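Please open the model in a viewer and keep the sequence panel at hand. The stops below are arranged so that each selection leads to the next.

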Amino acid sequence: MNIVRLDAAHLADLAPSLVELLADTVDGGASVGFLAPLDRVEAAGWWRERSAAVTAGRLAVWAAYEEPGRVLGTVSLALPDKPNSVHRAELVKLMVHREARGRGLGRRLLTVAEEAAAARGVTLLHLDTETGSPAEHLYRSSGWTPVGAIPDYAADPAGVLRPTTIYYKRPGADPVPPATG
């Protein structure tokens with residue numbers, strides 16, 4: 001599986017496959033900001049909007065694929081543009097196509113983003129994910145620390161309000177073992 005950082009042109013070239021990945025993610029129960037059924041035109045517009053952020057340096061996007069043109073996973077880092085926050089970044093839109101799950105791709109994408117953040121001098125990462133979702137296991141087992149949960153934070157794809165848990169991690173720091181019990 002190849003994982004590459006996308007520039008705006010590459011993002012545009014992969015748009016149909018990125019739209020399919022986003023739709024599959026929402027259809028599979030992860031809202032990632034969208035309600036089901038996800039309209040493909042809406043998904044395409046959302047990815048086009050990411051292109052401007054990539055060009056401006058406010059967003060870094062990586063895509064994983066086995067064959068050229070077919071994206072099976074993505075992860076992004078949202079990079080603040082304010083002088084007092086250049087030391088941190090938000091991990092966003094970690095998505096793995098349902099047919100590629102269970103093969104360690106989510107962990108590989110997460111590691112790529114963490115290593116890239118550390119290489120650019122980011123000392124603090126944060127993210128939010130639906131409380132009780134499968135993603136929580138990935139983050140906890142990868143050394144992310146939960147901060148707390150916010151009730152009724154966002155609607156799931158069916159429109160039901162769900163809580164979200166906020167996590168942080170210090171790239172390059174020794175991981176904190178997940179709590180047991």
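This is a predicted model: local features need pLDDT of at least 70, side-chain atom pairs count only at pLDDT 80 or more; totals for chains, interfaces and linings use all residues.

Side-chain values use heavy atoms, with hydrogens and water left out.

**The sheet**

Display the strands as a cartoon. Strands (E, at least two residues) and helices (H or I, at least four) are DSSP runs, numbered from the N terminus. Two strands are paired if DSSP finds at least two bridges between them. The open sheet of seven strands has the order β1-β2-β3-β4-β5-β7-β6, with mixed pairing. Select β1 (2-6) and β6 (145-155): these stand at the edges with a single partner strand each, so one side of each has no neighbour in the sheet. From one strand to the next, the twist averages 25°.

Next, select β2 and β3, which run antiparallel and are joined by eight bridges. Within this pair, Ala60 stands opposite Leu77 in β3. The hairpin of β2 and β3 has two residues between the strands, and Gly69 there takes a positive phi near 85°. How much of β3 is covered? Seven of the nine residues of β3 are buried, where buried means under 20% relative accessible area, exposed over 50%, and partly exposed in between (1.4 Å probe, protein chains only).

On to β5: β4 and β5 pair in the parallel sense over three bridges, with Arg88 opposite Leu124 in β5. Now show α5, which packs on the sheet and touches β4, β5, β6 and β7; its direction makes about 155° with that of β5. Such angles run from 0 to 180 degrees between N-to-C directions, and axes are lines fitted to C-alpha atoms, for helices over the stretch in contact.

Show the side chains of Leu77, Leu91, Tyr139 and Trp144. These have the most contacts inside the largest nonpolar core, which has 24 residues. A nonpolar core is a set of buried Ala, Val, Leu, Ile, Met, Phe, Trp, Tyr and Cys residues joined through side-chain atoms within 4.5 Å. Two or more residues each come from β2 (59-67), β3 (70-78), β4 (88-96), α4 (105-119), β5 (124-130) and α5 (134-141). The most come from α4, with five residues.

Centre the view on Leu91. Leaving aside neighbours within four places in sequence, Leu91 is in contact (heavy atoms within 4.5 Å) with residues including Val75, Leu77, Leu110, Leu127, Tyr139 and Trp144. A second, separate core of 22 residues includes Leu22, Val26, Trp46 and Val61.

**Helices α2 and α3**

Select α2 and α3, whose axes come within 9 Å and cross at roughly 115°. Leu18, Val19, Glu20, Leu22 and Ala23 in α2 meet Arg40, Ala43, Ala44, Trp46 and Trp47 in α3.

Then display the rings of Phe34 and Trp46. Their centres are 5.8 Å apart and their planes at 90°, so the pair is edge-to-face. Rings of Phe, Tyr and Trp (its six-membered ring) pair if their centres lie within 6.5 Å; planes under 30 degrees apart count as stacked, over 60 as edge-to-face and the rest as tilted. Phe34 lies in the loop between α2 (15-27) and α3 (40-56) and Trp46 in helix α3, so the pair ties together parts that are 12 residues apart in sequence. Both Phe34 and Trp46 are buried, and together with Trp47 they form one aromatic cluster.

**Backbone details**

Stay in the loop between α2 and α3, where Pro37 is found. The peptide bond from Ala36 to Pro37 is cis, with omega near -10°. Most residues other than glycine have a negative phi, and most peptide bonds are trans.

Move to Lys93 in strand β4. This residue has a positive phi of about 55° although it is not a glycine, and is partly exposed at a relative accessible area of 25%. Finish at Asp152 in strand β6, a residue other than glycine with a positive phi near 50°.

Methods
Residues are numbered from 1 along each chain as its sequence is written.
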